[in-house]
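Hello,

Here is the structure you asked about. My notes follow below it.

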Amino acid sequence: MTHNINIRPERIDDINDIEKITIEAFKNHPHSNQTEHEIVARLRDDNALSVSLVAEVNNVVVGHIAFSKVKINNEFIQWYGLAPVSVKAEYQNQGVGSQLILSGLNVIGELNAKGCVLLGEPEYYNRFGFKAFEGLVFKGVPPEYFLSLLLSGDMPNGNIEYHKAFS
Ligand SMILES: CC(C)(COP(=O)(O)OP(=O)(O)OC[C@H]1O[C@@H](n2cnc3c(N)ncnc32)[C@H](O)[C@@H]1OP(=O)(O)O)[C@@H](O)C(=O)NCCC(=O)NCCS
């Protein structure tokens, strides 16, 4: 089934839908501790939700993606973290996640992002250009799942730190 998917920035009246979609998407996720919806709320409360987009099908919100700034070696250098991304179960595998990711990367590009990191399945994220890079380290996670996408400039080296909402 193909749908007309509309991607747009979140509005205040989307907040409940975003929370429900995030809880549901990660409910049975093997590598989740089911706190992703709290991370989104904490980022929003702290004005650290740099980009928050929803996907709509027939004017109903069916997916969400968040980006927040990350530090590399204790400094913000215009790199972002993509997390979390969630699609309602019955709308998965229909391109909604891909459209959220591609639109989100465009939006951070417009904010002059130099790159983006995420923790996720290489098999899925390789298609958007994300790859594991030895020089960018997120301590405590298997390096093959910590993926980066360079958007401009040179690839930095160092330790990644997400916003405290993630800890
Ligand atoms: C991951 C997620 C956002 C992808 O969204 P989606 O709308 O289903 O994805 P798309 O339709 O754009 O892409 C579907 C493709 O991704 C693949 N895919 C989806 N999740 C995958 C995963 N965890 N690992 C590997 N491939 C995956 C599908 O097999 C499909 O492959 P194909 O194009 O070769 O058939 C969505 O499945 C989801 O919300 N999952 C639960 C929450 C989650 O895992 N979030 C990401 C954590 S990093």
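**The pocket and the chain around it**

The lining of the largest pocket splits into 23 nonpolar, 15 polar and seven charged residues. Nonpolar here means Ala, Val, Leu, Ile, Met, Phe, Trp, Tyr, Cys and Pro; charged means Asp, Glu, Lys and Arg; the others, Gly among them, are polar.

Before you go on: this is a predicted model, where local features need pLDDT of at least 70, side-chain atom pairs count only at pLDDT 80 or more, and totals for chains, interfaces and linings use all residues. Residues are numbered from 1 along each chain as its sequence is written, and side-chain values use heavy atoms, with hydrogens and water left out.

Back to the pocket. The largest pocket has a volume of about 1400 Å³. A pocket is an open set of points on a 1 Å grid over the protein atoms alone, where a 1.4 Å probe fits, with protein on both sides within 12 Å along at least five of seven lines. The volume is the space filled by probe spheres set on the points, which are joined across faces, edges and corners.

In total, 45 residues line the largest pocket. Lining residues have an atom within 4 Å of a point. Nearest the centre lie Phe-26, His-29, Leu-119, Gly-120 and Tyr-125. Elements giving two or more residues to this lining are H1 (15-26), H2 (36-45), S4 (75-87), H3 (96-110), S5 (115-119) and H4 (122-125). S4 gives the largest share, six residues.

Now the chain. Its secondary structure is four helices and nine strands. Both are DSSP runs numbered from the N terminus: helices are H or I, at least four residues, and strands are E, at least two. The order along the sequence is β-α-α-β-β-β-α-β-α-β-β-β-β. The radius of gyration is 15 Å, close to the 15 Å that the globule rule gives for 167 residues, so the chain is as compact as a globular protein of that length. That radius is taken over C-alpha atoms, and the rule is 2.2 Å times the number of residues to the power 0.38. Of the 167 residues, 44% count as buried. Buried means under 20% relative accessible area, exposed over 50%, partly exposed in between (1.4 Å probe, protein chains only).

Arg-42 is partly exposed, at 35% relative accessible area. Its C-alpha atom is 5.5 Å from that of Ala-165, 123 residues away along the chain. Leaving out residues up to four places away in sequence, Arg-42 touches Ala-165 and Ser-167. Contact means heavy atoms within 4.5 Å.

Best wishes
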